[in-house]
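I opened this model to look up a few things. My notes follow the order in which I checked them.

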Amino acid sequence: TTVLGSTLAGMMLVSQVATAADLKIGIMVPTTGSEATYGKDMENAMNLAADEINKAGGVLGMNIVTMTGDAACDPQQATAAATKLVSADINALVGGYCSGATLPTMKIYGDANIPMVIPAANSTKLIDVNMGNAFQVNSTGFDQVKTAISLFEEKGINKLAIIHQGDGYSEDLAKLTREKWESMGKEVVAYEVVNKGEQDQSALVTRIKSKAPDAVFWTAYYADGALVIKQLRQGGYKNLIAVGDGSNSPKLLEIAGNAAEGIYCFSNPTVEYLPAAKDFHANYKAAYKQDPDAYAALSYDGMMLMADAIKRAGSTDKAAIIKALAETKDFTGIAGPISFTEQNTLARSNFVILVAKGGKWALHQ
């Protein structure tokens, strides 16, 4: 792919120059900011899928041309990017990483009736604002909470501390976990919110330790999560620490170092645990000279699913594509089969439990 221009109000156009005979598919991910590692990984995977589709003859005789909007995990910038993508007359969109940044774009895409596949963002709040055009291929926060509770019960946890950052994703996951945990007669001894980018967490560590929780659950993203984990361990907290899927990147382990050893993560299925992703892994590494990260498989599947839905629709009519997406039954993705509920969410849980061992994630047995 080639870049056609510099960033314009949070949007960058990628790939070849589009013509009237091309299929324009928008990509919305964070390519700048603290979560840019995830975003670039997702963009790479989607573009790899588009290239493979084009080499195989395209979609209904059209080549896919992608256009990337930088959501930056920032609601305002994501809104600007979404507006630009809609103005560029895209036929469909694959994107959405940070739920907090995805949420305000839902009305923009919904009003334009843009068919949308969301590969990563999974806040349950997305369900409430979905105008029927958007489909989530990552399991929702409801499924993540079930996975978290199963681990906490397995480990005999009674007193839980929960830390979030007040955004659409981490606050939703924290709230759902607290409600479920307390409904079981268990205790949430600390429910903390910290500011994004805050470096000194000594006051937080003191408060957490004073409550003596059996486990700490960090529900936000890896960049700040790594620092919180490091300072908790340095401050003498020795009990279980778990993180949500926003922290499933190997980057968390790199930043936290030895402090991350033994922590647990509730994660979507990543490439290294997916037998069907072997060829994708090799092709991705050949194309981008690096291993795919946590959301590459879902992003690749998202682009492949969108192309399949357009083929089944038999046209670029947006309503027809949305109908085809809704009717998807057991689409074969490298991350597993895709079907949707009546709420346009993935009709199964795809969550796994990982544990940090020797600086790498391993499946919890």
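**Ground rules.** I am working with a predicted model, in which local features need pLDDT of at least 70 and side-chain atom pairs count only at pLDDT 80 or more, while totals for chains, interfaces and linings use all residues. I number residues from 1 along each chain as its sequence is written, and side-chain values use heavy atoms, with hydrogens and water left out.

**Cysteines.** I counted disulfides as pairs of cysteine sulfur atoms within 2.5 Å. The count comes to one disulfide. Cys73 is joined to Cys98, S to S 1.6 Å. I read the torsion about the S-S bond of Cys73 and Cys98 as about 70 degrees, so the disulfide is right-handed. Cys73 sits in the loop between strand 3 (64–70) and helix 2, and Cys98 in the loop between strand 4 (92–95) and helix 3 (99–102), so the pair ties together parts 25 residues apart in sequence. For elements I used DSSP runs numbered from the N terminus: helices are H or I with at least four residues, strands are E with at least two. Both Cys73 and Cys98 are buried. My scale for that is relative accessible area: buried under 20%, exposed over 50%, partly exposed in between (1.4 Å probe, protein chains only).

Cys265 is buried, at a relative accessible area of 0%.

I traced an open sheet of seven strands with mixed pairing, in the order 8-7-9-10-11-14-15. Its edges are strand 8 (187–193) and strand 15 (360–363), each pairing on one side only. Pairing here requires at least two DSSP bridges between two strands. Neighbouring strands are turned by 25 degrees against each other on average, direction ignored. Angles come from axes fitted to C-alpha atoms, for helices over the stretch in contact, and run from 0 to 180 degrees between N-to-C directions.

I then went through single pairs. Strand 7 (residues 159–164) runs parallel to strand 8 over six bridges. Ile163 faces Glu192 in strand 8. Strands 11 and 14 are antiparallel, with four bridges. There Phe266 stands opposite Ile353 in strand 14. Strands 14 and 15 are also joined by four bridges and run antiparallel. Val355 has Ala362 in strand 15 as its bridge partner. Their hairpin has two residues between the strands, and Gly358 takes a positive phi near 60 degrees.

**The core.** I took a nonpolar core as buried Ala, Val, Leu, Ile, Met, Phe, Trp, Tyr and Cys residues joined through side-chain atoms within 4.5 Å. The largest has 123 residues, and those with the most contacts inside it include Ile263, Phe266 and Trp361. Helix 12 (residues 296–313) gives the largest share of this core, eleven residues.

**Two single residues.** Thr270 lies in the loop between strand 11 and helix 11 (278–288). Thr270 is buried, at 4% relative accessible area.

Gln77 belongs to helix 2 (residues 75–87). Is Gln77 buried or partly exposed? I found Gln77 partly exposed, at 26%. Gln77 and Ala101 are 24 residues apart in sequence and 8.1 Å apart in space, C-alpha to C-alpha.
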